Amino acid sequence: MTAQHAQTGTIPTSSTLQSTEPWTLHEDRALPAEPTTRRLAREIYTETKRLPILSMHGHVDARILDEDTPFGDPAELFVIPDHYLVRMIVSQGGSVDQMGAAPVDSARPAAPSPDHREIWRRFCASWKLFRGTPSRYWMEHELVEVFGITQRPSAETADAIYDQLDAALASPEFRPRALFERFDIETLATTDPAWSGLEHHASLAAQGWGERVVPTFRPDPLLELDGTSWPADIARLAQSSGIDVTGYASYLDALRQRRQAFLAAGARATDHGPFLADTTPLSDAEANRIFDLALSGAQVNPAEAQAFSGHMLFQMAAMSVEDGLVMQLHPGVVRNHDKAVLDRFGPNKGYDIPVQVEYTRALRPLLEAFGHHPGFRLIVFTIDETVYSRELAPLAGVYPAMKLGAPWWFLDTPEGMRRFRETATETAGFYNTTGFVDDTRAFASIPARHDLSRRIDAGYLARLVAEHRLDLDEAVETAIDLAYTLPRAAYARR
């Protein structure tokens, strides 16, 4: 407490202590604090910070880049689509509708939609909640480095920042494609349902963007027989594939057709987020029986639904052997934890919660069948970091088809990424991993997320150099490989 505050008996707040100097970011942010290691990390990071971005797993809508219309206002760009920001504010007593979520049922009475400037004010007034989180780092980078904001967010500065951002977003320099070029994104992969017509990808390809914005095949709802939307989703699959799904065999044919359509649109990978990692195949007779039961409208019990899901992961691996699409697997999430929020506002509102997952026995059927196949590539992600050293690094460290995906979701944090390197590298090495993926819906945060990953890797490698476990030239080469070479190779078309 300052002498002035001690005399008056007042407690200083963030607004009274905030510097009058323009808000800037330290060039060494997220690098190690120890001077020798920091110097080495700075040298390593300098070699990677200007590399192009390969954003090979994310949730940016291709429509945004196809139509290339202005993003809208600051709340629409930064806050409403970013469930990391929303969930933190909700955790402190806010609600998802206050942060711009719209009810999914238009016939249901809803509270008046909040003004977007009010959403922005609520976010800025909550700025201190993000201290110590990666969201703070990402937002700082976006606001300062991308948009030139010189005032730290607060209740007092909210309107001024909003006006500055609003003016920038109306200019051509901040439209989606202009930012795509400015961010130096070499390739961006979207995530699309299996029945997607991929119209925006086709339009982008016709404009010369076919290798820059590519789709990813996501069939999850079609593999979950007990999902409430499964009958409707099967109808969508039939319509999009042109194959009447009358049984298990035609179901597989329809999935193969859609995979081929995605390949023709430039897809590099499939994406699977089951609850469990089980990949045990069923007999054809049992798979037919369970599928026909579901198709008839009868109730499939949870054990049958889970068995079919595991069987279909095995089938998806077999199809990847056939067509060359990289198989991405990330189990272990209880999705939409609050059913009332799901029913009212739909999915992806910040209520996906990780659970513990077993991989060693679960992946054994798939890896025994395809783990040494030269045409198969499997990238496994997790949100359960306890399995890195115990299961995933040992598996990736022996099966040539399997690579270990980057820490993400709740683990793409400074400490989470450091723990990943410390627990996985000694067993799997660097070259059985695939580089960073940002997995974001927040387009403007892509460079911030990749920048943080490159800084953390530079710090980890610098420590190895400082401990005389690597030479500096080896550390620089490894940093470049992690940032660019490995993801490029992992998702290369075959």
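Trainee: How many residues does helix 3 have, and what span is expected for helix 3?

Mentor: Helices here are DSSP runs of H or I with at least four residues, and strands are runs of E with at least two, numbered from the N terminus. The expected span of a helix is 1.5 Å times one less than its number of residues. Helix 3 (residues 35-46) has twelve residues and reaches 16 Å from its first C-alpha to its last, close to the 16 Å expected. This is a predicted model: local features need pLDDT of at least 70, side-chain atom pairs count only at pLDDT 80 or more, and totals for chains, interfaces and linings use all residues. Residues are numbered from 1 along each chain as its sequence is written, and side-chain values use heavy atoms, with hydrogens and water left out.

Trainee: Which residues of helix 3 are buried?

Mentor: Buried means under 20% relative accessible area, exposed over 50%, partly exposed in between (1.4 Å probe, protein chains only). In helix 3, Thr37, Leu40, Ala41, Ile44 and Tyr45 are buried. Seen down the axis of helix 3, its buried residues fall within an arc of 135° (taken over the directions from the helix axis to the C-beta atoms), so they line one face of the helix. They pack against helix 21 (446-466) and helix 22 (472-490), with contact meaning heavy atoms within 4.5 Å.

Trainee: Which strands does strand 2 pair with?

Mentor: Two strands pair if DSSP finds at least two bridges between them. Three bridges join strand 1 (residues 53-55) to strand 2, and the two run parallel. Two bridges join strand 2 to strand 4 (residues 213-214), also parallel. Look at Leu188 in strand 2: Ser55 stands opposite Leu188, and in strand 4 its bridge partner is Val213. Strand 2 (residues 185-189) is mostly covered, with four of its five residues buried.

Trainee: Which residues touch the most other members of the largest nonpolar core?

Mentor: In soluble globular proteins, nonpolar side chains tend to be buried together. A nonpolar core is a set of buried Ala, Val, Leu, Ile, Met, Phe, Trp, Tyr and Cys residues joined through side-chain atoms within 4.5 Å. The largest core has 61 residues, and Tyr251, Leu255 and Met402 touch the most other members. Helix 16 (residues 302-323) gives the largest share of this core, nine residues. Not counting residues up to four places away in sequence, Leu255 touches Phe217, Leu222, Leu223, Leu237, Met312, Met316 and Met319.
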